Amino acid sequence: MSSNINSVFYAESYHPIQAGSIDGTDILPHDNAVYRALLCSNAALYDPTGDPKIIGDPYCTVFVGRLSHLTTEPTLHKAMSKYGRVKNLRLVRHIVTGASRRFAFVEFETEREMRRAYQDAHHAIIDDAEIIVDYNRQKLMPGWIPRRLGGGLGGRKESGQLRFGGRERPFRAPLQPIPYEDLKKLGITPPPEGRYMSRFQVPSPPRKPRKLVEKEEYSYKRSSVDREELSQRSSSMERDEHRRTVGRKQDSRKRSYVEEESQYGKSSEDRPECSPNTTSIEMDHDYKWRTLDREEHYHSRSNAEGGEISRKRSSRDKEERPSKRHRHYSRSNH
């Protein structure tokens, strides 16, 4: 028994009578609060899933207690973000006054980040207050009864209602014989004799069942497949829209070509038709060919007009020359 003096163990399920015992071997309630918690437990008066404000994955959520009255949601969010990505945070407040109840629930994105906060954030300082961090016993600990009903864990000596078995106040290894028969009748889990832990060892929080992990992995893979199908569908729709846009552009170009041909007197027989399978290079070449035709048309038209003007000028000059000669001859005779 002397080797068990510095050994401890932690409760895996909650029983009010055992939680009121320093070594987990009591078989009778030692105060009225324990008796009240025992009545609530036997009558099933407490439903841990009945609070609509409790949301999120309990395996990714930590309980943060002994907060300062001055701590607010942004301050706590900033402090807990050091250990991982905070997904949800709820600072419990008084329903009437709105004052902080000095405890909160912080949900992280992954279970690994939750375990990191559980390991490293315990006894951290926030707003000059030393906090305690535990896993979400309300959802994950069988038989849990909260402090307001006489249960809970921890507590201070001044209150006279200490509760053992938690991370802050574990059970001490029994120094007296363990009453296995009486504990079995009450439904209390006996101490794990021979499997005690050191006071400096950190108890591991419950792990998510394998079925839930496989279900989440399946849902994640399914969502990934759905996202891929959606992206493929959207890309195919974009390709179809691009084809329709290109087709509309080709139709508009064909209409513009026809209008230009009718305007400049070019018959459609002199131009190669644009088939639906015509490539952009062929269309550019055809457009340049038509542009050269227009320039030749303008050039020939301007040359024709210039030639006609020059012919008119030459005929006028021929008419004016005899008259000039006649005037000059008449002046010389006089």
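Asp127 sits in the loop between β5 and β6 (129–130), and in this predicted model the residue has a positive phi of about 55° although it is not a glycine. Around this point the protein chain is built from eight helices and nine strands. Of its 334 residues, 33% count as buried, and the chain exposes about 23,100 Å², of which carbon and sulfur atoms supply 51%. Among contacts between residues at least 6 apart in sequence, 66% join residues at least 24 apart.

**The four-stranded sheet**

- Four strands form an open sheet, ordered β3-β4-β2-β7, and the pairing in this sheet is antiparallel.
- The edges are taken by β3 (86–93) and β7 (132–135), each of which pairs on one side only, and neighbouring strands of the sheet are turned by 25° against each other on average when direction is ignored.

- Helix α3, spanning residues 73–80, lies across β2, β3 and β4 (100–108), and the helix runs at about 140° to β3.
- Helix α4, spanning residues 111–120, also packs on the sheet, where it touches β2, β4 and β7, and its direction makes about 140° with that of β7.
- Which residues of α3 are buried? They are Leu76, Ala79 and Met80, and because these buried residues fall within an arc of 90° when seen down the axis of α3, they line one face of the helix.
- The buried residues of α3 pack against the strands β2, β3 and β4, and also against α4 and β5 (125–126), whereas Pro74 and Lys78, on the other side of α3, are exposed.

**A buried arginine in a loop**

- Arg163 belongs to the loop between α5 (137–140) and β8 (171–172), and because its relative accessible area is 0%, under the 20% cut-off, this loop residue counts as buried.
- A polar atom of the Arg163 side chain lies 3.2 Å from the backbone oxygen of Gly150.

**Positive phi outside glycine**

- Ala44, in the loop between α2 (32–42) and β2, has a positive phi of about 55° although the residue is not a glycine.
- How accessible is Ala44, and what does it count as? Its relative accessibility is 61%, so Ala44 counts as exposed, given that exposed means over 50%.
- Asp127, with its positive phi of about 55°, has a relative accessible area of 35%, and this residue is therefore classed as partly exposed, a class that lies between the cut-offs of 20% and 50%.

Definitions and conventions: Residues are numbered from 1 along each chain as its sequence is written. This is a predicted model: local features need pLDDT of at least 70, side-chain atom pairs count only at pLDDT 80 or more; totals for chains, interfaces and linings use all residues. Side-chain values use heavy atoms; hydrogens and water are left out. Helices (H or I, at least four residues) and strands (E, at least two) are DSSP runs, numbered from the N terminus. Buried means under 20% relative accessible area, exposed over 50%, partly exposed in between (1.4 Å probe, protein chains only). Contact means heavy atoms within 4.5 Å. Accessible areas come from the Shrake-Rupley method with a 1.4 Å probe; for residues, only the protein chains shown count as cover. Two strands pair if DSSP finds at least two bridges between them. Axes are lines fitted to C-alpha atoms, for helices over the stretch in contact, and angles run from 0 to 180 degrees between N-to-C directions. The arc is that of the directions from the helix axis to the C-beta atoms. A polar contact is a pair of N or O atoms within 3.5 Å; within protein, one must be able to donate a hydrogen and the other to accept it, and residues adjacent in sequence count only if both atoms are side-chain atoms.
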